[in-house]
Amino acid sequence: MSQSKAWRRDWPLMLILLILAIITYIPFVFTVINSFKINAQFFQQFWLPTTPLHPENYVRAWPAMGRAIFNSFTYSIPTLVLTLVISGLAGYAFARYRFPGRNILFVAILALIMIPGILLVIPMFSVIIALDWADTLQGVVLPWVSVEIVFGTFLMRTFFETLPQEYFEAARLDGANEFSLLIRIAVPLAIPAFSTLAILNLLFSWNDIIWPLVAIFDSERLPVSIGVLSFAGAWSTDYGVTFASYVIASLPLIIIFAFTSRRFMDGLSGGLSI
Amino acid sequence: MTQKSKPMPSAKTEPSRWKLRSGFVPIYVPFLFLIPALLLLLSFRYIPAVSAIFHSFTYWNIPEAGEFIGLDNYRALFDDPIFIKSLGNILKYMAGRTALVLVMAFVGAELVYNLTSDRWRNIWRMVFTIPMVIPITVNLLVWQQVYAGRQGMLNEFLTGVGAMARPYPWLGRPDTALPALIFIGFPAVAGFGFLIILAALQNLSSEVNDAALIDGCSRLRRVFAIDLPAIRGPLALILILSLNQGMQEFAPMLVMTQGGPINTTMSPAYYLYIQGFTYGKHGYASAIGTVLMLMTLVLSIFILRMRYRRAYDVAV
Amino acid sequence: MFKKLSLILVFALLFGVFGMALAQDSDISGEIVVHLQVYYRPEQHPAHSAIAEQVAQEYMDMHPNATIELLPDIPGGTDYITWLSARMAADEAPDIVWDQWFNRSLKMDTWWTALDDYFEMPNPYIAEGIPGHERWADSFAPNAMNTTRAPDGHWYQTALDWVETAMFYNVAMFEEAGVEPDWANWGEFIADMHTIQDTLGVEAFGSFMPGTGWSTWYWADSLWLSVVWADRHSEIYMDKYSEMQPDLDWRALNAEEVAKAVHDGVINAQDPRMDEYLRISKEFVEILPIDYIGITSLGDVMRMFLGEQLAVYWGGSWDNKEITDSASFEWGLTYLPPFTEEDFEGAPGTIYRVGGPSSAGQYGIPVATAESENLELAVDYLMWMSAPQNFGPLANEFGGFIPMVAGTEIGPVLANFQTVAALQDRLFLDPSGRLTVEHGDNWTQIMQGFFLGATDEEQTKALLQEAWESGAAALCEQVGYDWCP
């Protein structure tokens with residue numbers, strides 16, 4: 001189909017999409033605009049840009065945010081890796097094997113989605129204290145992983161079930177054992193699904209406020225989600241610097257999204273369903 | 001649901017095909033794969049959850065240990081007009097929110113899916129993926145200003161075009177506060193639901209589509225006759241996830257209304273939070289949480305039942 | 001620089017005077033974590049945080065076996081109560097930690113160590129001749145002590161500073177509307193606020209009332225109740241509290257006093273005084289922004305004022321700095337009018353100040369610390385920090401709160417709030433501190449129903465009476481006073 005013909009067909013759809021996109025992006029644009037204001041300007045004008053611009057807000061936000069971004073990676077990367085590994089193993093087991101208790105176990109895991117997060121804060125903290133894990137890396141990471149592997153197991157199971165059985169049969173005839181089947185055949189094919197899970201996982205660990213607030217004692221080690229609030233106070237808030245912090249905090253995610261968008265979609269292309 | 005729907009492509013892999021001949025794989029292998037997951041879930045989900053359920057039968061004044069009081073918390077709970085009201089509120093919120101998210105995600109996905117240009121399809125997909133990084137806090141702050149009083153964006157717009165004579169306090173009146181919370185983040189296209197639906201649509205065989213178009217089936221008719229039935233599975237998933245989230249919602253209430261006016265936006269999860277952390281009644285809060293869990297469970301089972309009553313594809 | 005130098009000089013002097021006496025006491029040892037709320041936020045407020053560090057360092061120099069670790073405040077906008085609850089549940093809270101007094105009154109001895117006995121002891125760090133040297137309690141302001149006394153009669157915290165409130169007003173708006181910021185009575189005030197609404201098309205009076213939790217409507221509500229019940233104050237006062245504060249013949253009510261007055265029927269929602277209360281309350285919300293129920297934070301109200309959409313902003317001493325920095329117009333300070341006989345029969349002829357210890361200098365010691373070997377150190381450090389030579393410079397450098405420790409020089413902040421500070425305290429405290437925190441939310445919800453027309457006067461009064469009774473019953477169940485049924 002020629003360019004112009006496609007365009008003639010597509011423009012009404014594009015127009016609607018454009019309108020939807022503009023409304024969707026208002027909070028985004030608003031955050032960027034306000035990150036260049038000082039309080040006096042912000043109070044006078046909430047929506048539109050004002051002059052002079054105050055790029056020094058970024059300079060002020062950077063030391064705290066740089067550290068917070070670094071901290072967030074130290075929590076998010078182990079969370080990510082463990083979530084992928086553990087969900088991959090569990091999803092594979094559910095997808096490939098029939099074993100006694102399979103359905104009950106799967107439903108029991110899936111049912112965990114229904115727990116209101118706030119309900120478990122105190123009991124979970126008690127577990128962390130009992131393990132003497134307060135203020136440790138694993139004290140933040142393992143509870144996060146345990147939240148994320150629930151959906152992860154579901155997603156990976158759905159994906160593994162779409163893989164044709166024949167691949168495995170052939171390899172098995174070559175004498176491969178169960179673990180090497182997983183590593184050599186299933187994992188390479190599941191890269192897109194893993195990247196979908198990875199992105200969702202990153203979004204979650206990047207934005208969660210309550211658990212790191214409770215589990216981390218050393219304020220130098222707080223992650224981005226709390227770092228963005230550094231300039232908001234109970235008694236006064238530095239709005240411009242706070243918005244600059246939000247912009248800085250979302251940059252790593254936007255970059256990662258931009259580079260992995262295709263893979264992210266491929267992971268869903270198996271058709272996530274229930 | 002129409003009867004002529006075909007099993008979707010992903011459904012062709014029925015679990016029974018995976019069944020291995022007995023004795024082929026040692027029975028402990030799947031369990032070996034499941035051990036790390038089960039260990040973690042046991043420590044950080046099941047034990048805390050059991051602890052919370054246990055404490056729902058106690059008078060629990062942290063840090064003291066709970067004092068067992070039987071069903072007293074539950075009795076008080078079903079006598080508590082605020083809790084009862086919060087249940088009604090959350091059902092309305094959940095229904096409204098889920099409908100909005102589902103419809104808008106579907107509309108957005110269809111619009112992108114129907115583009116002829118592959119390049120543009122990718123670009124729009126990206127456009128509606130990036131906003132997922134906007135933190136909920138920023139979103140709520142912006143929407144607070146949309147709904148604000150005299151200088152709120154919505155009021156200025158509506159009085160500006162002459163639709164209303166004077167500004168209306170959207171968040172400050174019992175009749176509009178809850179609907180206002182439902183519409184936060186409008187148009188609600190960007191999100192996980194959009195991506196799942198789009199992926200499912202792109203999975204549909206293009207031959208069926210082309211055939212339908214050649215048959216003179218209009219694009220709009222095709223959406224309802226072919227697309228919608230074919231993506232029932234993904235829709236049910238989004239439905240369950242969205243109902244789940246709606247049931248446990250408390251950030252919008254906390255930030256935008258704090259449950260007011262007159263408790264019309266009080267949600268069970270926010271009430272749990274207040275009872276537990278603000279009033280220090282952690283036993284009572286645990287009872288709220290337990291009821292909330294049970295309700296979500298029942299709801300999810302109900303949806304799955306509906307979904308599989310007449311379906312003949314994958315079983316969970 | 002000069003400030004720092006003079007500070008060091010003060011320390012050097014004090015050290016010289018007390019050095020000998022203190023040296024003998026240097027066997028105190030241990031390690032404690034101290035949370036000073038906004039007084040220690042080294043990244044956002046380096047200037048006064050440096051003073052907090054210096055105070056801690058001085059102490060450690062004096063007591064080489066003691067370690068004081070200052071914990072930077074968690075960022076605002078995060079959930080303090082969840083943070084503290086989890087730590088309390090696990091016995092992991094800091095050894096000296098901030099909390100609001102009404103939350104402390106809710107938890108009492110399940111979370112906090114009673115400080116009554118220590119308040120009776122001499123504070124060795126306070127110089128001779130300054131109140132507190134012989135008896136620590138003398139160092140604190142009587143009205144702050146009165147407010148922070150828990151319903152069980154104990155003190156679980158220090159009250160080192162205070163917030164004062166006042167109305168910031170836009171001078172140009174007042175001139176344009178032809179209104180003077182000075183009223184002879186409530187009626188005049190309300191009329192003028194309506195003039196502003198009608199002639200300028202802006203919001204008149206900045207206050208807000210969310211569905212639950214604290215708001216500046218709490219202040220208003222406590223004033224209206226205080227005004228209508230003022231004439232019966234002596235019947236509500238209980239001797240045991242009056243004896244403890246003999247120099248106060250007018251003071252705020254302790255939660256027990258409210259509960260007992262409800263129980264005895266001295267205060268009752270069916271009383272004709274409550275008709276006045278409801279009328280005043282309704283007149284008040286009519287001058288508020290149209291979405292006063294939809295606003296959830298005081299910061300949003302201040303933003304309306306600084307954005308010139310609001311003529312009067314009712315705020316606190318902590319707002320002084322932001323308004324000075326950010327207002328692009330001329331502003332002034334004023335306060336609510338007196339209630340006179342013109343307004344209703346039996347009116348007290350005055351208005352009360354709304355101020356209170358809802359500031360950063362509110363520190364308590366968790367029970368877990370009391371059960372450890374660090375209690376002595378925690379109490380001793382609290383004594384050291386609360387001494388005027390240490391706390392005064394810290395509070396004045398921050399500048400948002402008024403130091404209430406005897407012997408502190410009061411910084412420039414108070415100067416602006418002088419007229420208000422000269423008024424008497426409220427009789428009734430904020431709804432959340434009146435009986436229980438839950439009662440406060442209950443009261444709010446009933447009044448929202450009244451303001452929005454969901455209930456009429458009679459229904460509202462019946463509901464208010466129920467709320468009073470259930471609040472009193474809850475307190476009885478928790479504390480078990482001897483007069484309880």
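Colleague: What makes helix H12 (residues 255-264) of chain C and helix H23 (residues 457-479) of chain C oblique to each other?

Modeller: This is a predicted model, and in it the axes of H12(C) and H23(C) come within 9 Å and cross at roughly 125 degrees. Angles from 65 to 115 degrees count as roughly perpendicular and those over 145 as roughly antiparallel, with the rest oblique. The angle of roughly 125 degrees falls between those two classes, so H12(C) and H23(C) are oblique to each other. As for handedness, H12(C) passes H23(C) in a left-handed crossing.

Colleague: Which residues of H12(C) and H23(C) meet?

Modeller: From H12(C) there are Ala255(C), Ala259(C), Val262(C) and His263(C). Their partners in H23(C) are Trp468(C), Glu469(C), Ala472(C), Leu475(C) and Cys476(C). Sorted by class, this contact has seven nonpolar residues, one polar and one charged.

Colleague: Staying with chain C, why is Val285(C) called buried?

Modeller: The cut-off for buried is 20 or more other C-beta atoms within 10 Å. Val285(C) has 20 C-beta neighbours inside 10 Å, so Val285(C) counts as buried. Val285(C) sits in helix H13 (residues 273-286) of chain C. Beyond four places in sequence, the contacts of Val285(C) are with Tyr292(C) and Phe451(C).

Colleague: What makes the phi of Gln37(C) worth a remark?

Modeller: Most residues other than glycine have a negative phi. Gln37(C) is not a glycine, yet its phi is positive, about 50 degrees. Gln37(C) lies in the loop between strand S1 (30-35) and helix H2 (46-62) of chain C. Asp91(C) is another such case, with a positive phi near 55 degrees, and its place is the loop between helix H3 (80-89) and strand S3 (97-98) of chain C.

Colleague: How do you know whether Gln37(C) is buried or exposed, and what about Asp91(C)?

Modeller: Gln37(C) has 22 other C-beta atoms within 10 Å and is therefore buried, since 20 or more is what the label needs. Asp91(C) has 14; that count lies between the limit of 12 or fewer for exposed and the limit of 20 or more for buried, so Asp91(C) is partly exposed.

Colleague: Why is the peptide bond from Thr51(A) to Pro52(A) called cis?

Modeller: Its omega is near -5 degrees, and the bond is cis. Most peptide bonds are trans. Pro52(A) is in the loop between helix H2 (39-44) and H3 of chain A. Chain B has a cis bond as well, from Ile62(B) to Pro63(B), where omega is near 5 degrees. Pro63(B) falls in the loop between strand S1 (58-59) and strand S2 (67-68) of chain B.

Colleague: How is chain A built, and how many of its residues are in contact with chain B?

Modeller: Chain A has 12 helices and zero strands, and 50% of its 274 residues count as buried. In the contact between the two chains, 68 residues of chain A touch 81 residues of chain B. The largest share of the chain A side, 16 residues, comes from H1(A). By class, that side has 49 nonpolar, 13 polar and six charged residues.

Colleague: And how many residues join chain B to chain C?

Modeller: There, 31 residues of chain B are in contact with 29 of chain C. On the chain B side, helix H12 (251-257) and helix H13 (268-278) are the elements that give two or more residues. That side has 17 nonpolar, 12 polar and two charged residues.

Note on methods: Residues are numbered from 1 along each chain as its sequence is written. Chains are lettered from A and ligands numbered from 1 in the order in which they are written. This is a predicted model: local features need pLDDT of at least 70, side-chain atom pairs count only at pLDDT 80 or more; totals for chains, interfaces and linings use all residues. Axes are lines fitted to C-alpha atoms, for helices over the stretch in contact, and angles run from 0 to 180 degrees between N-to-C directions. Helices (H or I, at least four residues) and strands (E, at least two) are DSSP runs, numbered from the N terminus. Angles under 35 degrees count as roughly parallel, over 145 as roughly antiparallel, 65 to 115 as roughly perpendicular and the rest as oblique. A crossing is left-handed if the near helix is turned anticlockwise from the far one by less than a right angle, and right-handed if clockwise. Two residues are in contact if their C-beta atoms, placed from the backbone, lie within 7 Å. Ala, Val, Leu, Ile, Met, Phe, Trp, Tyr, Cys and Pro count as nonpolar, Asp, Glu, Lys and Arg as charged, and the others, Gly among them, as polar.
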